[in-house]
Amino acid sequence: MDKRNLWRIELFTMSNTVDDRPLFVQFCANDPDILLEAARRVEPYCDYVDINLGCPQRIARRGNYGAFLMDNLPLVKVLVQKLALNLNVPVSCKIRLFPNLQDTINYAKMLEEAGCSLLAVHGRTRDEKDGRKFRADWNAIKAVKTALKIPVLGNGNIRHMDDVMDFLEETNIDGVLSAESLLENPALFAGFYTAEWVEGSEEKCKDGNLDQADLVIEYLKLCEEYPVPQRMIRSHVHKMLGEWFRIHPHIREDFNKQSKLTFEFLYDMVNRLKELGGRIPLYMKDDQVRRTSATG
(Lines give C-alpha, C1' and ligand atoms only; values in the text may rest on other atoms or scores of the structure.)
Protein backbone atom coordinates (compact mmCIF):
# COMPACT_ATOMS: atom_id res chain seq x y z
CA MET A 1 0.00 0.00 0.00
CA ASP A 2 1.44 3.39 -0.95
CA LYS A 3 1.87 6.27 1.49
CA ARG A 4 -1.12 8.18 0.12
CA ASN A 5 -3.50 5.32 0.86
CA LEU A 6 -2.01 4.84 4.33
CA TRP A 7 -2.48 8.58 4.99
CA ARG A 8 -6.13 8.44 3.86
CA ILE A 9 -6.85 5.44 6.07
CA GLU A 10 -5.16 7.07 9.07
CA LEU A 11 -7.02 10.35 8.62
CA PHE A 12 -10.51 9.16 7.86
CA THR A 13 -11.02 5.82 9.56
CA MET A 14 -9.81 7.09 12.93
CA SER A 15 -12.21 10.04 12.63
CA ASN A 16 -15.20 7.76 12.16
CA THR A 17 -16.31 7.99 15.78
CA VAL A 18 -19.52 8.94 17.54
CA ASP A 19 -17.76 11.85 19.25
CA ASP A 20 -16.68 13.49 15.98
CA ARG A 21 -19.95 13.86 14.12
CA PRO A 22 -21.22 15.48 12.03
CA LEU A 23 -17.93 15.38 10.15
CA PHE A 24 -17.33 17.61 7.11
CA VAL A 25 -14.48 16.96 4.69
CA GLN A 26 -13.50 20.06 2.73
CA PHE A 27 -11.83 20.16 -0.68
CA CYS A 28 -10.40 22.89 -2.85
CA ALA A 29 -10.81 21.96 -6.51
CA ASN A 30 -11.21 23.19 -10.09
CA ASP A 31 -11.60 19.86 -11.91
CA PRO A 32 -15.02 18.17 -11.48
CA ASP A 33 -13.78 14.64 -12.22
CA ILE A 34 -10.80 14.81 -9.87
CA LEU A 35 -13.00 16.35 -7.18
CA LEU A 36 -15.52 13.52 -7.48
CA GLU A 37 -12.77 10.89 -7.31
CA ALA A 38 -11.39 12.48 -4.16
CA ALA A 39 -14.83 12.88 -2.58
CA ARG A 40 -15.65 9.24 -3.16
CA ARG A 41 -12.57 8.22 -1.19
CA VAL A 42 -13.81 10.00 1.94
CA GLU A 43 -17.55 9.59 1.44
CA PRO A 44 -17.81 6.45 3.64
CA TYR A 45 -16.25 8.27 6.59
CA CYS A 46 -18.01 11.64 6.65
CA ASP A 47 -21.42 13.28 6.76
CA TYR A 48 -20.82 16.13 4.29
CA VAL A 49 -18.40 16.91 1.49
CA ASP A 50 -17.64 20.62 1.40
CA ILE A 51 -16.25 22.70 -1.47
CA ASN A 52 -14.08 25.60 -0.36
CA LEU A 53 -15.07 28.49 -2.63
CA GLY A 54 -13.95 31.14 -0.18
CA CYS A 55 -10.16 30.97 0.19
CA PRO A 56 -8.72 34.40 -0.81
CA GLN A 57 -5.03 33.61 -0.30
CA ARG A 58 -2.29 33.84 -2.94
CA ILE A 59 -1.95 30.07 -3.07
CA ALA A 60 -5.60 29.88 -4.14
CA ARG A 61 -4.98 32.46 -6.87
CA ARG A 62 -1.99 30.46 -8.14
CA GLY A 63 -3.92 27.22 -8.06
CA ASN A 64 -7.13 28.72 -9.47
CA TYR A 65 -9.42 27.55 -6.69
CA GLY A 66 -11.23 28.92 -3.66
CA ALA A 67 -12.58 32.46 -4.04
CA PHE A 68 -10.86 32.86 -7.41
CA LEU A 69 -13.44 30.58 -8.98
CA MET A 70 -15.87 33.48 -8.53
CA ASP A 71 -14.52 34.51 -11.94
CA ASN A 72 -15.79 31.26 -13.46
CA LEU A 73 -19.26 30.56 -12.10
CA PRO A 74 -20.18 27.98 -14.79
CA LEU A 75 -17.29 25.83 -13.53
CA VAL A 76 -18.43 26.30 -9.93
CA LYS A 77 -21.91 25.10 -10.89
CA VAL A 78 -20.49 21.98 -12.53
CA LEU A 79 -18.33 21.21 -9.48
CA VAL A 80 -21.36 21.29 -7.20
CA GLN A 81 -23.59 19.37 -9.60
CA LYS A 82 -20.95 16.67 -10.09
CA LEU A 83 -20.89 15.92 -6.38
CA ALA A 84 -24.58 16.38 -5.70
CA LEU A 85 -25.56 13.91 -8.43
CA ASN A 86 -22.97 11.26 -7.61
CA LEU A 87 -22.46 11.17 -3.83
CA ASN A 88 -24.58 9.59 -1.12
CA VAL A 89 -23.72 12.36 1.34
CA PRO A 90 -24.86 15.98 0.94
CA VAL A 91 -22.69 18.74 -0.48
CA SER A 92 -21.96 22.03 1.26
CA CYS A 93 -20.10 25.12 0.07
CA LYS A 94 -18.37 28.09 1.64
CA ILE A 95 -18.27 31.37 -0.25
CA ARG A 96 -17.31 35.03 0.06
CA LEU A 97 -19.27 38.07 -1.00
CA PHE A 98 -19.22 39.80 -4.35
CA PRO A 99 -18.89 43.60 -4.06
CA ASN A 100 -22.43 43.82 -5.41
CA LEU A 101 -25.08 42.30 -3.13
CA GLN A 102 -27.34 41.10 -5.93
CA ASP A 103 -24.41 39.25 -7.49
CA THR A 104 -23.87 37.49 -4.17
CA ILE A 105 -27.54 36.52 -3.91
CA ASN A 106 -27.54 35.22 -7.47
CA TYR A 107 -24.39 33.23 -6.72
CA ALA A 108 -25.95 31.67 -3.63
CA LYS A 109 -29.14 30.78 -5.51
CA MET A 110 -27.10 29.15 -8.28
CA LEU A 111 -25.32 26.98 -5.71
CA GLU A 112 -28.62 25.97 -4.15
CA GLU A 113 -30.06 25.05 -7.53
CA ALA A 114 -26.91 23.07 -8.40
CA GLY A 115 -27.39 20.85 -5.36
CA CYS A 116 -25.69 22.59 -2.43
CA SER A 117 -27.48 21.46 0.75
CA LEU A 118 -25.86 23.89 3.20
CA LEU A 119 -24.12 27.20 2.51
CA ALA A 120 -21.55 29.01 4.65
CA VAL A 121 -21.07 32.69 3.86
CA HIS A 122 -18.03 34.69 4.91
CA GLY A 123 -19.19 38.29 5.13
CA ARG A 124 -16.20 39.81 3.34
CA THR A 125 -15.19 40.05 -0.30
CA ARG A 126 -12.27 38.24 -1.86
CA ASP A 127 -10.09 41.34 -1.52
CA GLU A 128 -10.98 41.93 2.14
CA LYS A 129 -8.53 39.46 3.64
CA ASP A 130 -7.63 41.39 6.80
CA GLY A 131 -10.38 40.78 9.34
CA ARG A 132 -8.98 43.48 11.62
CA LYS A 133 -9.28 46.08 8.88
CA PHE A 134 -12.54 45.04 7.23
CA ARG A 135 -15.72 44.31 9.15
CA ALA A 136 -17.83 41.43 7.88
CA ASP A 137 -21.14 42.49 6.33
CA TRP A 138 -23.84 40.77 8.37
CA ASN A 139 -26.57 42.49 6.36
CA ALA A 140 -25.37 40.79 3.20
CA ILE A 141 -25.41 37.43 4.97
CA LYS A 142 -28.94 38.14 6.18
CA ALA A 143 -30.00 38.87 2.59
CA VAL A 144 -28.54 35.54 1.44
CA LYS A 145 -30.33 33.72 4.26
CA THR A 146 -33.63 35.35 3.27
CA ALA A 147 -33.18 34.39 -0.39
CA LEU A 148 -32.43 30.68 0.15
CA LYS A 149 -34.35 27.64 1.34
CA ILE A 150 -31.30 25.66 2.49
CA PRO A 151 -29.57 26.28 5.85
CA VAL A 152 -27.08 29.16 5.90
CA LEU A 153 -24.12 29.56 8.24
CA GLY A 154 -22.43 32.91 8.82
CA ASN A 155 -18.77 33.78 9.35
CA GLY A 156 -17.08 37.03 10.34
CA ASN A 157 -16.66 39.40 13.32
CA ILE A 158 -16.86 36.60 15.93
CA ARG A 159 -14.74 37.30 18.99
CA HIS A 160 -16.85 35.76 21.77
CA MET A 161 -20.31 34.38 22.52
CA ASP A 162 -21.95 37.82 22.66
CA ASP A 163 -21.07 38.20 18.99
CA VAL A 164 -22.45 34.73 18.26
CA MET A 165 -25.81 35.55 19.83
CA ASP A 166 -25.99 38.96 18.13
CA PHE A 167 -25.16 37.37 14.76
CA LEU A 168 -27.92 34.78 15.10
CA GLU A 169 -30.47 37.38 16.20
CA GLU A 170 -29.64 39.97 13.56
CA THR A 171 -29.47 37.63 10.55
CA ASN A 172 -31.69 34.62 11.40
CA ILE A 173 -28.93 32.33 10.12
CA ASP A 174 -28.82 28.69 11.16
CA GLY A 175 -25.33 28.61 12.63
CA VAL A 176 -22.11 30.55 13.20
CA LEU A 177 -18.51 29.84 12.19
CA SER A 178 -15.33 31.35 13.59
CA ALA A 179 -11.70 31.03 12.53
CA GLU A 180 -9.07 33.43 13.88
CA SER A 181 -10.65 33.87 17.32
CA LEU A 182 -10.89 30.12 17.81
CA LEU A 183 -7.17 29.71 17.18
CA GLU A 184 -6.46 31.87 20.22
CA ASN A 185 -9.40 30.70 22.30
CA PRO A 186 -10.69 27.24 21.34
CA ALA A 187 -13.16 27.48 24.24
CA LEU A 188 -15.01 30.39 22.60
CA PHE A 189 -18.17 28.41 21.82
CA ALA A 190 -18.19 27.04 25.37
CA GLY A 191 -18.74 30.61 26.56
CA PHE A 192 -15.19 31.54 27.63
CA TYR A 193 -13.80 35.05 27.04
CA THR A 194 -10.20 36.22 26.83
CA ALA A 195 -9.25 39.09 29.12
CA GLU A 196 -9.41 41.78 26.43
CA TRP A 197 -13.16 41.20 25.97
CA VAL A 198 -14.10 41.57 29.65
CA GLU A 199 -12.28 44.86 30.30
CA GLY A 200 -14.77 47.35 31.71
CA SER A 201 -17.27 44.67 32.71
CA GLU A 202 -15.23 42.68 35.21
CA GLU A 203 -18.04 42.87 37.77
CA LYS A 204 -20.21 40.75 35.43
CA CYS A 205 -17.52 38.13 34.80
CA LYS A 206 -15.83 35.43 36.81
CA ASP A 207 -12.63 33.49 36.43
CA GLY A 208 -13.68 30.42 34.44
CA ASN A 209 -11.00 28.24 36.09
CA LEU A 210 -9.45 27.72 32.68
CA ASP A 211 -6.64 29.33 30.73
CA GLN A 212 -4.86 28.82 27.43
CA ALA A 213 -2.20 26.66 29.06
CA ASP A 214 -4.93 24.20 30.07
CA LEU A 215 -6.25 24.26 26.51
CA VAL A 216 -2.77 23.58 25.11
CA ILE A 217 -2.48 20.47 27.31
CA GLU A 218 -5.86 19.25 26.08
CA TYR A 219 -4.88 20.04 22.49
CA LEU A 220 -1.57 18.18 22.76
CA LYS A 221 -3.31 15.08 24.10
CA LEU A 222 -5.63 15.15 21.09
CA CYS A 223 -2.64 15.53 18.77
CA GLU A 224 -1.06 12.45 20.31
CA GLU A 225 -4.25 10.51 19.73
CA TYR A 226 -4.92 11.97 16.27
CA PRO A 227 -1.53 12.87 14.71
CA VAL A 228 -1.23 16.07 12.66
CA PRO A 229 1.76 17.74 10.97
CA GLN A 230 4.20 19.51 13.29
CA ARG A 231 3.77 22.81 11.47
CA MET A 232 0.10 22.84 12.52
CA ILE A 233 0.95 22.08 16.14
CA ARG A 234 3.58 24.83 16.16
CA SER A 235 1.16 27.39 14.73
CA HIS A 236 -1.71 26.49 17.06
CA VAL A 237 0.48 26.50 20.17
CA HIS A 238 1.80 29.94 19.18
CA LYS A 239 -1.76 31.27 18.92
CA MET A 240 -2.97 29.79 22.20
CA LEU A 241 0.09 30.85 24.21
CA GLY A 242 0.50 34.28 22.63
CA GLU A 243 -0.15 36.21 25.85
CA TRP A 244 2.16 33.95 27.85
CA PHE A 245 4.92 34.38 25.27
CA ARG A 246 4.60 38.17 25.46
CA ILE A 247 5.19 37.99 29.21
CA HIS A 248 7.97 35.37 28.96
CA PRO A 249 9.72 36.00 25.61
CA HIS A 250 12.65 33.72 26.54
CA ILE A 251 10.24 30.75 26.53
CA ARG A 252 9.00 31.79 23.09
CA GLU A 253 12.57 32.04 21.83
CA ASP A 254 13.33 28.56 23.11
CA PHE A 255 10.17 27.28 21.41
CA ASN A 256 11.12 28.92 18.11
CA LYS A 257 14.60 27.38 18.22
CA GLN A 258 13.20 23.85 18.11
CA SER A 259 13.69 22.51 14.59
CA LYS A 260 11.74 19.40 15.56
CA LEU A 261 9.05 19.48 18.21
CA THR A 262 8.45 16.64 20.62
CA PHE A 263 5.50 16.21 22.94
CA GLU A 264 7.95 15.92 25.82
CA PHE A 265 9.32 19.39 25.03
CA LEU A 266 5.83 20.89 24.59
CA TYR A 267 4.44 19.53 27.86
CA ASP A 268 7.60 20.67 29.65
CA MET A 269 7.29 24.14 28.10
CA VAL A 270 3.75 24.53 29.43
CA ASN A 271 4.90 23.39 32.87
CA ARG A 272 7.76 25.92 32.77
CA LEU A 273 5.29 28.70 32.01
CA LYS A 274 3.11 27.65 34.93
CA GLU A 275 6.09 27.46 37.28
CA LEU A 276 7.02 31.05 36.40
CA GLY A 277 3.90 32.06 38.30
CA GLY A 278 0.74 33.89 37.51
CA ARG A 279 -2.20 32.90 35.36
CA ILE A 280 -3.86 34.30 32.27
CA PRO A 281 -7.40 33.10 32.90
CA LEU A 282 -10.31 32.78 30.56
CA TYR A 283 -13.52 34.30 31.87
CA MET A 284 -17.20 33.49 31.87
CA LYS A 285 -20.18 35.77 32.32
CA ASP A 286 -21.51 35.42 35.87
CA ASP A 287 -24.81 33.89 34.67
CA GLN A 288 -22.87 31.34 32.58
CA VAL A 289 -20.84 30.35 35.65
CA ARG A 290 -24.05 29.73 37.57
CA ARG A 291 -25.53 27.66 34.72
CA THR A 292 -22.35 25.61 34.43
CA SER A 293 -22.30 24.97 38.18
CA ALA A 294 -25.96 23.96 38.16
CA THR A 295 -25.49 21.45 35.36
CA GLY A 296 -22.23 20.05 36.75
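Author: Buried means under 20% relative accessible area, exposed over 50% and partly exposed in between (1.4 Å probe, protein chains only). This is a predicted model, in which local features need pLDDT of at least 70, side-chain atom pairs count only at pLDDT 80 or more, and totals for chains, interfaces and linings use all residues. Residues are numbered from 1 along each chain as its sequence is written, and side-chain values use heavy atoms, with hydrogens and water left out.

Reader: Is Val121 buried or exposed?

Author: The relative accessible area of Val121 is 0%. Because of that value, Val121 counts as buried.

Reader: Which strand holds Val121?

Author: Strands here are DSSP runs (E, at least two residues), numbered from the N terminus. Residues 116–125 make up the strand in which Val121 lies, and that strand is β4.

Reader: Which residues is Val121 in contact with, leaving aside its neighbours within four places in sequence?

Author: Contact means heavy atoms within 4.5 Å. With those neighbours left out, the partners of Val121 are Ile95, Leu97, Ile141, Val144, Val152, Leu153, Gly154 and Asn155.

Reader: How many Å apart in space are Val121 and Lys142?

Author: In sequence, Val121 and Lys142 are 21 residues apart. In space, taken C-alpha to C-alpha, the separation of Val121 and Lys142 is 9.8 Å.

Reader: What is the mean pLDDT of the protein?

Author: pLDDT is the predictor's confidence in each residue, from 0 to 100. A value of 70 or more is reached by 90% of the residues, and the mean is 89.

Conventions:
Helices (H or I, at least four residues) and strands (E, at least two) are DSSP runs, numbered from the N terminus.
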